[in-house]
Amino acid sequence: MTGAGPGLRAWALLLLLGLIFGSSFMFTNIVVREIPPLTLAAFRLAFAAALLFAAVAATGARLPRIGGAGGRLWAIAAFSALFGTLLPFWLISWSQVHIPSALTALLMAPMPMVSLILSHFLIKGERMTAPRIAGFFAGFIGVALLIGPEAFGMIGGWDFRLLGQLASLGAMLCYALNGIVLKRAGPVDPLGMSAAVIGVGALVGVPLALWVEAPDLGAFSATSWALAAALGLGATAMAQIIMLALLALAGPPFLASVNYQVPLWAAAFGVFFLGEALDPAFPLAMGLILAGLALAQFGGRRRAASPGAARD
């Protein structure tokens, strides 16, 4: 990635990914009323894995090799499967039992700033600057405003609305770290690596859900299963491939900037299709977070097109 910045293809993929992720909060909000959170997370991975492995077989895409250098890729895939997919899916599904989908999505918004901080230390060519630091604090203030000062006095208690917010923030941290880890995998076959990540997630998630939640799978409606399948095929399988393509095209901070638009899409879907009411602080909080993200992503770019400029 150079000073020219992301191209049209990267921006188009980012817009598509934002729409996919934004709509997923609405679908999750509906399905989790019937299917328990971990079960939903596990089976959306199972649906996604079925599609991805079928696509691998049909296209001749390559999974990471077993042994040798491929062992490192499988280790990265396993980390991404557990801490970048299964765990945040579970946290998001659980949080939406207790808080609205629009609020869950808004609490994903600081992810670009977290990704920028991690990239500063872990990815060559990504540096924190004064505007990026200012953006981080603006976004933090926005999130604090939304949660409310009274919530901070309840940390350590068992208020489920607060715990739902903290679960969403935990998922956001997982996603930020996941982008860094996948970037460090280097050039990979996006389809093959996606199948590896999602396949491991499903292999672990399904038996874990059956053990922890012991769901009666036959009791769930056809509508819930259909929406769970849609989450698996679209917001999991397709999104994973797009994420890896964006990482290769533009790097973790650009990928993380998908969260500029995810809260807006999620809020629109939640308000217009689920009849959710926005928190009164939502507009101001959203403005602070978007301003902070804009500062962090664009105000701090110092990718001069000079011979000595850092490159990814």
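In which helix is the place of S168? S168 sits in helix 8, which covers residues 160-183; helices here are DSSP runs (H or I, at least four residues), numbered from the N terminus. Before going further, note that this is a predicted model, in which local features need pLDDT of at least 70 and side-chain atom pairs count only at pLDDT 80 or more, while totals for chains, interfaces and linings use all residues. Residues are numbered from 1 along each chain as its sequence is written, and side-chain values use heavy atoms, with hydrogens and water left out.

S168 counts as buried because its relative accessibility is 0%, where buried means under 20% relative accessible area, exposed over 50%, and partly exposed in between (1.4 Å probe, protein chains only). Leaving aside neighbours within four places in sequence, S168 is in contact (heavy atoms within 4.5 Å) with S95, I99, T104, L107 and M108. With S95, the side chain of S168 also makes a polar contact of 3.2 Å, that is, a pair of N or O atoms within 3.5 Å, of which, within protein, one must be able to donate a hydrogen and the other to accept it, and residues adjacent in sequence count only if both atoms are side-chain atoms.

A277 is found in the loop between helix 12 (262-274) and helix 13 (282-299), and its C-alpha atom is separated by 9.0 Å from that of A102, although the two are 175 residues apart along the chain.

We can now turn to the nonpolar cores, each a set of buried Ala, Val, Leu, Ile, Met, Phe, Trp, Tyr and Cys residues joined through side-chain atoms within 4.5 Å. The largest has 72 residues, and those with the most contacts inside it are L17, F21, F25, L40, I198 and L246. Helix 10 gives the largest share of this core, 13 residues. Apart from it lies another core of eight residues, including A109, A267, F282 and A285.

Helix 10 itself, residues 222-250, has 29 residues and reaches 40 Å from its first C-alpha to its last, close to the 42 Å expected at 1.5 Å a residue, the expected span being 1.5 Å times one less than the number of residues. Helix 10 is followed by G251, whose phi is positive, near 90°. Likewise, helix 2 (residues 37-59) is followed by G60, with a positive phi near 80°.

Note on methods
Helices (H or I, at least four residues) and strands (E, at least two) are DSSP runs, numbered from the N terminus.
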